[in-house]
Amino acid sequence: MPVIAPMPAARPARIPDQREGADDAMAAGTTVDHLTETYRAHYRSLLGLAALLLDDTASCEDVVQEAFIRVHSARKRVRDPEKTLAYLRQTVVNLSRSALRRRILGLKLLTKPMPDMASAEEGAYDLLERDDLIKAMKGLQRRQREVLVLRYFADMTEVQVAETLGISLGSVKAYGSRGIAALRVAMEASA
């Protein structure tokens with residue numbers, strides 16, 4: 001006669017408490033709530049970052065929106081919620097580069113001239129200074145411009161800039177100092 005082992009006593013099902021669910025969600029990546037709060041807190045600063053790399057508001061808004069969409073899609077890969085903003089900044093920089101590449105290709109194919117600037121009534125002196133700065137920034141090397149924008153506009157530390165751009169701290173300092181020197185020369189020449 002076969003021997004049948006008794007069934008082990010069934011354990012009562014454990015009901016997870018709310019805090020554990022939050023920990024599990026955080027372990028899986030950046031939550032949608034965290035991304036929403038990041039959007040509310042940092043949308044304007046990311047828009048400003050894009051504005052310094054691009055030259056029209058519509059493209060800047062598109063780049064920042066696309067960055068949030070991409071981070072939302074990849075939120076499970078961003079394990080540390082504290083790094084969400086850094087990931088967004090890097091995405092904005094990369095998307096700005098791509099937009100500029102597409103624009104350059106479009107300009108090569110485009111034969112008609114660009115539209116005129118806004119009227120002189122809209123703060124002529126400020127526009128002239130801003131235009132001089134933009135021209136001077138466009139004259140910088142790409143890395144110099146990126147370092148200056150992230151360091152002084154986005155108010156990042158040199159270490160954060162190095163992490164965002166994937167370059168060494170020494171390179172950030174070198175690009176920054178050379179970029180400022182080149183800006184000084186260009187601004188004095190335009191004055």
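Phenylalanine 68 counts as buried at 7% relative accessibility, where buried means under 20% relative accessible area, exposed over 50% and partly exposed in between, with a 1.4 Å probe and protein chains only. The model is predicted, so that local features need pLDDT of at least 70 and side-chain atom pairs count only at pLDDT 80 or more, while totals for chains, interfaces and linings use all residues. Residues are numbered from 1 along each chain as its sequence is written, and side-chain values use heavy atoms, with hydrogens and water left out.

**Overall organisation**

The chain has eight helices and zero strands, these elements being DSSP runs numbered from the N terminus (helices are H or I with at least four residues, strands are E with at least two). Of its 191 residues, 29% count as buried. Among the contacts with a separation of 6 or more, 65% are accounted for by residues 24 or more positions apart, a contact being heavy atoms within 4.5 Å.

Phenylalanine 68 lies in helix α3, and, leaving aside residues up to four places away in sequence, it touches Leu35, Thr38, Tyr39, Tyr43, Leu46 and Leu88.

The structure holds two aromatic pairs; rings of Phe, Tyr and Trp (its six-membered ring) pair if their centres lie within 6.5 Å, and planes under 30 degrees apart count as stacked, over 60 as edge-to-face and the rest as tilted. The pairs are set out below.

| Pair | Centre to centre | Angle between planes | Class |
|---|---|---|---|
| Tyrosine 39 and tyrosine 43 | 5.0 Å | 40° | tilted |
| Tyrosine 39 and phenylalanine 68 | 4.9 Å | 75° | edge-to-face |

Tyrosine 39 and tyrosine 43, by contrast, are separated by about one helical turn, because they are four residues apart in helix α2. Tyrosine 39 counts as partly exposed, at 32% relative accessibility, whereas tyrosine 43 is buried, with a relative accessible area of 16%. Tyr39, Tyr43 and Phe68 form one aromatic cluster.

**The largest nonpolar core**

The largest nonpolar core has 35 residues, and those with the most contacts inside it are Leu46, Leu49, Val64, Val92 and Leu150; such a core is a set of buried Ala, Val, Leu, Ile, Met, Phe, Trp, Tyr and Cys residues joined through side-chain atoms within 4.5 Å. The elements that give two or more residues to this core are α2 (32-53), α3 (57-73), α4 (84-109), α5 (124-138), α6 (142-153), α7 (158-165) and α8 (169-190), and the largest share, seven residues, comes from α2. Leucine 49 touches Arg89, Val92, Val93, Val149, Leu150 and Phe153, when residues up to four places away in sequence are not counted.

**The second largest pocket**

About 160 Å³ of space lies in the second largest pocket, a volume being the space filled by probe spheres set on grid points that are joined across faces, edges and corners. On a 1 Å grid over the protein atoms alone, a pocket is an open set of points with protein on both sides within 12 Å along at least five of seven lines, and lining residues have an atom within 4 Å of a point. The lining consists of His34, His42, Pro81, Glu82, Lys83, Leu85, Ala86, Arg89, Met156, Gln160, Glu163 and Thr164, and the elements that give two or more residues to it are α2, α4 and α7. These lining residues divide into four nonpolar, four polar and four charged, where Ala, Val, Leu, Ile, Met, Phe, Trp, Tyr, Cys and Pro count as nonpolar, Asp, Glu, Lys and Arg as charged, and the others, Gly among them, as polar.

**Two loop residues**

Threonine 31 has its place in the loop between α1 (18-28) and α2, and is partly exposed, with a relative accessible area of 21%. The C-alpha atoms of threonine 31 and lysine 76 are separated by 8.1 Å, although these residues are 45 residues apart along the chain. Aspartate 155 is found in the loop between α6 and α7 and counts as exposed at 64% relative accessibility; its phi is near 55°, a positive value in a residue other than glycine.

Key: 1 Å grid on protein atoms, 1.4 Å probe; cavity = no way out; pocket = protein on both sides within 12 Å on 5 of 7 lines; lining within 4 Å.
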